[in-house]
Amino acid sequence: IEIANRLAITAEYRDNETGRHIARMAHYCRLIAHNLGLTLAQQNMIFQASPLHDVGKVAIPDAILLKPGKLTPEEFTIMQTHTTIGSEIISGSPSPLIQLAGSLALTHHEKFDGSGYPNGLIGDAIPLSGRITAVADVFDALTSTRPYKKAWSISDAKSFLQENCGNHFDSQCVKTFLAVPSCVESIYNEEFITSEVSYSEICSVRQMV
């Protein structure tokens with residue numbers, strides 16, 4: 001688990017981040033998994049695997065990865081390869097944790113309506129881990145400052161998720177993510193960045209949607 005985390009942080013440094021993105025994103029993933037009613041073991045597995053979602057970025061040239069403006073179609077095509085590269089980097093392991101990490105690395109940019117990449121999967125054909133990671137990753141990306149954008153407000157990011165239910169995102173994952181706003185804001189503020197956090201204790205009520 002520690003080696004997986006170190007590899008994930010390496011990928012984030014390539015993206016001019018300090019690793020806080022992967023910490024927040026992992027907690028968002030576990031929050032969604034908790035509110036979907038997944039077992040504690042399943043929650044912990046996605047918490048541990050999700051930091052490797054962008055490991056394929058180690059192969060993307062700096063000129064594209066750190067570009068302050070919009071990517072050209074050719075550059076975006078190259079950027080898309082971080083999903084397949086990430087899957088290839090961590091494929092072939094007998095470890096269930098690494099197998100899950102490879103799956104979500106490959107599928108976290110798939111969209112519920114089939115317009116995502118790399119394989120254009122539709123709906124439930126996208127593994128649940130990929131659907132969960134898509135919501136968590138986009139929310140944290142929107143609310144973070146990047147070379148090409150300023151951070152959005154939490155309110156605007158939530159509105160984006162809601163407006164894109166059923167096309168970009170699995171609506172059930174979005175609803176469960178937004179079910180307990182205090183938990184989302186606590187993770188955003190990094191108040192609970194610890195592997196020992198219990199969402200059943202943080203959230204006064206687990207709301208099933």
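1. About 50 Å³ of space lies in the largest cavity of this predicted model, where a cavity is a set of points, on a 1 Å grid over the protein atoms alone, at which a 1.4 Å probe fits but cannot get out. The structure holds one cavity of 30 Å³ or more. Its lining includes E110, K111, F112, R131 and D170, and the lining residues divide into four nonpolar, two polar and four charged.

2. On provenance, the model is predicted, with local features needing pLDDT of at least 70 and side-chain atom pairs counting only at pLDDT 80 or more, while totals for chains, interfaces and linings use all residues. Residues are numbered from 1 along each chain as its sequence is written, and side-chain values use heavy atoms, with hydrogens and water left out.

3. The secondary structure comes to eleven helices and zero strands, these being DSSP runs (H or I of at least four residues for helices, E of at least two for strands) numbered from the N terminus. Of the 209 residues of the chain, 47% count as buried, that is, under 20% relative accessible area, with exposed meaning over 50% and partly exposed in between (1.4 Å probe, protein chains only).

4. Two of the cavity-lining residues, R131 and D170, also form a salt bridge with each other, the closest N and O atoms being 2.8 Å apart; the term requires a side-chain nitrogen of Lys or Arg within 4 Å of a carboxyl oxygen of Asp or Glu. Because D170 lies in the loop between α8 (154-163) and α9 (171-178) and R131 in helix α7, the pair ties together parts that are 39 residues apart in sequence. D170 is buried at 9% relative accessibility, and R131 is buried at 12%.

5. R131 has a further partner in D124, with the closest N and O atoms 3.4 Å apart, and D124, at 65% relative accessibility, counts as exposed. The structure holds seven salt bridges, among them that of K67 with E75, whose closest N and O atoms are 2.7 Å apart; E75 is buried, with a relative accessible area of 18%.

6. The largest pocket has a volume of about 880 Å³, a pocket being an open set of points with protein on both sides within 12 Å along at least five of seven lines, and lining residues having an atom within 4 Å of a point. It is lined by 30 residues, of which F76, M79, H109, Y117 and Y148 lie nearest its centre. Helices α4 (62-65), α5 (73-89) and α7 (128-142) each supply at least two residues of this lining.

Methods
Grid points are joined across faces, edges and corners, and a volume is the space filled by probe spheres set on the points. Ala, Val, Leu, Ile, Met, Phe, Trp, Tyr, Cys and Pro count as nonpolar, Asp, Glu, Lys and Arg as charged, and the others, Gly among them, as polar.
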